Amino acid sequence: MNYHINHLKELESESIFILREVAAQFENPVILFSGGKDSILMTYLAVKAFYPAKVPFQLLHVDTGHNFPETLAYRDKLVGKYGLKLKVGYVQDAIDGGHVTEEKGTNASRNGLQTFTLLEELEKGKFDAALGGGRRDEEKARAKERFFSHRDEFGQWDPKNQRPELWNLFNGRKHIGEHFRVFPISNWTELDVWQYLAEEKVPLPNLYFAHERMVIERDGILLADSEFIPKKEGEKAFLETVRCRTIGDVTCTGVWRSTAETIEDIVQEIATTRMTERGGRSDDKRSETAMEDRKKQGYF
Amino acid sequence: MSNHSSTELLRFTTAGSVDDGKSTLIGRLLYDSKSIFQDQYEQIEAVSEKRGEEEVNLALLTDGLKAEREQGITIDVAYRYFSTPKRKFIIADTPGHIQYTRNMVTGASTANVALLLIDARNGVIEQTKRHAIIASLLQIPHVVVCINKMDLVDFKQEAFDKIHDEFEAFATKLDVKDVSFIPVSALKGDNIVDRSINMSWYEGPTLMYYLENVHISSDHNFIDCRFPVQHVIRPYNDKFHDYRGYSGRIAGGIFKKGDEVVILPSGFSTRVSKIDSFDGEMQEAFPPQSITLLLEDDFDISRGDMLVRVNNQPTISQDLEVMLCWFDHSKPLQSRGKYMIKHTSQEARCLVKEIRYKLDINSLHRDQENLEIKSNDIARVVIRTTKPLFYDKYRENRITGSVILVDEGSNNTVAAGMII
């Protein structure tokens with residue numbers, strides 16, 4: 001017997017350790033669920049971590065109202081399958097209540113508006129730990145994230161003053177009103193995620209696989225043709241075989257030309273691609289530190 | 001498809017400043033293993049140009065925060081990832097300046113390999129020694145010394161030999177088990193991924209070959225069985241009515257079904273009736289697996305308890321001596337100060353009874369006169385805890401031999417300690 005495990009099993013073990021640590025150190029944790037593969041993976045790992053007991057965390061979905069319908073269908077099926085409890089926070093409510101103002105123009109997105117709804121839901125639900133599917137390889141500000149990431153009473157992140165994390169000792173102590181963001185899959189890369197989902201045969205939303213769809217092309221990025229994306233002059237929708245590499249809100253999720261029909265095809269595609277997955281995310285392209293700026297205010 | 005099923009995970013740490021070529025080296029590893037994406041490259045290319053830099057600045061890949069980019073320095077641990085068909089690598093890239101000792105210690109705590117860079121023109125300098133001492137204190141199992149910028153010393157063997165001997169002379173004072181030396185030029189690519197055609201006198205491996213092949217499967221302790229209980233699993237449903245599982249990550253040794261185990265602190269013994277996981281029952285489990293143990297007898301066991309073997313038990317004590325690295329900028333370590341202490345899944349309060357000496361991490365000198373321990377200082381201290389901890393020496397087990405201290409007022413992690 002050779003006593004070693006492969007990198008996917010080691011990452012799995014690390015994530016399960018973090019998830020159990022969250023259950024032990026916090027009163028009322030919640031999984032931030034977007035319907036993307038990372039939050040699907042995190043939920044799946046949570047099911048593993050507490051088996052045969054139920055996942056001791058609720059799911060929270062911050063709904064911009066600009067969804068791919070497939071995402072919602074998948075979400076509801078997953079919740080049913082594992083007997084999870086789902087809470088939905090609606091960005092529309094924040095707009096109607098006058099708390100946030102909708103962006104204008106053709107590139108308008110509700111992405112940035114999610115922060116208000118997210119923080120409000122965390123406060124309303126008295127959640128003291130919010131589990132996110134962020135990964136360090138995704139984006140340069142996320143490369144500096146801790147597993148247990150402290151947020152002050154305004155939900156803000158202070159990247160220059162983070163708690164050191166050593167060995168497997170995680171410090172989740174906090175003052176009243178503060179909370180933690182926890183990132184159990186910090187050390188996974190995009191390729192790791194796909195290899196693992198393939199190996200474990202985890203069902204995924206159809207959006208991730210190649211399908212025919214009406215799209216528009218804007219600034220070199222393909223976007224799904226949708227009522228939520230007003231067309232600029234001269235833009236015309238056309239049929240293309242595409243898939244999503246990340247799934248967010250319709251307005252900021254680029255789709256890619258792809259013929260990958262199975263998870264194995266996707267693993268192949270990712271292994272040879274020369275573009276990062278967030279290369280199609282217009283929300284990151286707004287400035288050099290767009291992600292850091294949003295995260296400091298309490299974004300995912 | 002399953003060609004990644006045997007890919008191992010290796011974590012390594014690098015430390016250094018702007019000029020020693022560390023960013024170039026990391027950049028080259030990422031670039032040559034095709035881990036830099038086109039849009040990432042275009043982005044840093046554009047930023048470099050905007051700043052008026054002549055070449056594409058690969059350091060921008062690792063410096064993620066606004067302040068770091070503005071000041072051109074790394075102030076935090078940055079994690080980078082790349083993989084080859086053999087291994088997946090996690091780099092903990094840390095700043096090498098003395099004021100960032102805490103970051104180096106953090107990066108070193110989980111590393112299998114420490115990568116030390118030496119500029120062939122300068123030889124062993126203070127920063128090299130500091131990093132080597134941290135690698136030794138944190139017991140990083142393997143150290144690889146890359147003697148860089150060989151192109152600037154005409155690829156001469158004498159330059160390599162001199163630094164090799166200089167480092168070895170210094171390393172005899174340290175507790176490092178496995179040291180290798182590789183002459184490289186990160187800029188030109190010599191001995192990074194491809195063998196150098198300029199240094200035929202060197203017969204050892206390239207850096208990439210070393211990283212892909214260094215033997216890491218015995219970096220865990222497989223001898224002393226240690227299972228800190230992290231969480232108790234009670235499903236409370238009809239199907240698993242009497243299920244009572246103790247979940248956690250194995251910190252040492254190999255646990256098998258049927259093994260007799262002792263529960264600490266109660267001292268009761270029983271047998272492992274089942275090793276469980278979502279993927280089914282297992283016959284044995286070892287570090288670093290996260291599993292759930294079921295026992296033959298019902299005892300009151302909770303988080304913080306530890307399962308061990310009858311004839312191989314850790315030290316059970318309220319007193320411990322540790323090498324402490326102090327992190328807190330706002331105040332120095334208080335002799336007679338009280339803190340929270342975290343050790344495996346245990347938590348207690350503790351008192352710092354005595355500061356024995358402060359360690360100069362440039363010279364290893366033990367200072368018994370000036371005992372003011374400020375941020376980034378390392379000191380040997382005596383600690384007493386409010387309840388017994390079940391610990392091993394850090395040398396023997398990095399998991400059961402490590403602690404952190406937390407300030408009860410600010411809740412910040414103020415120190416990390418290695419048990420002696």
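In which sense do strand β4 and strand β6 of chain A pair, and over how many bridges? In this predicted model, β4(A) (residues 129-131) and β6(A) (residues 179-182) run in the parallel sense over 3 bridges; strands here are DSSP runs of E with at least two residues, helices are runs of H or I with at least four, and both are numbered from the N terminus. Two strands count as paired if DSSP finds at least two bridges between them. Ala129(A), for instance, has Phe180(A) as its bridge partner in β6(A).

Both strands sit in an open, mixed sheet of 6 strands, ordered β3-β2-β1-β4-β6-β5 in chain A. At the edges are β3 (86-90) and β5 (148-151) of chain A, each pairing on one side only.

Now for how the chains meet. The contact takes 50 residues from chain A and 57 residues from chain B, where residues touch if their C-beta atoms, placed from the backbone, lie within 7 Å. On the chain A side, α1 (7-25) and α2 (37-50) each give two or more residues, and α1(A) has the largest share, with 9 residues.

Chain B itself splits into domain 1 (2-213), domain 2 (226-308) and domain 3 (315-419), with bounds from an automatic or database domain assignment. The centres of domains 1 and 3 of chain B, taken over C-alpha atoms, are 30 Å apart. Each of these two domains puts 12 residues into their contact.

Residues are numbered from 1 along each chain as its sequence is written, while chains are lettered from A and ligands numbered from 1 in written order. As the model is predicted, local features need pLDDT of at least 70 and side-chain atom pairs count only at pLDDT 80 or more, but totals for chains, interfaces and linings use all residues.
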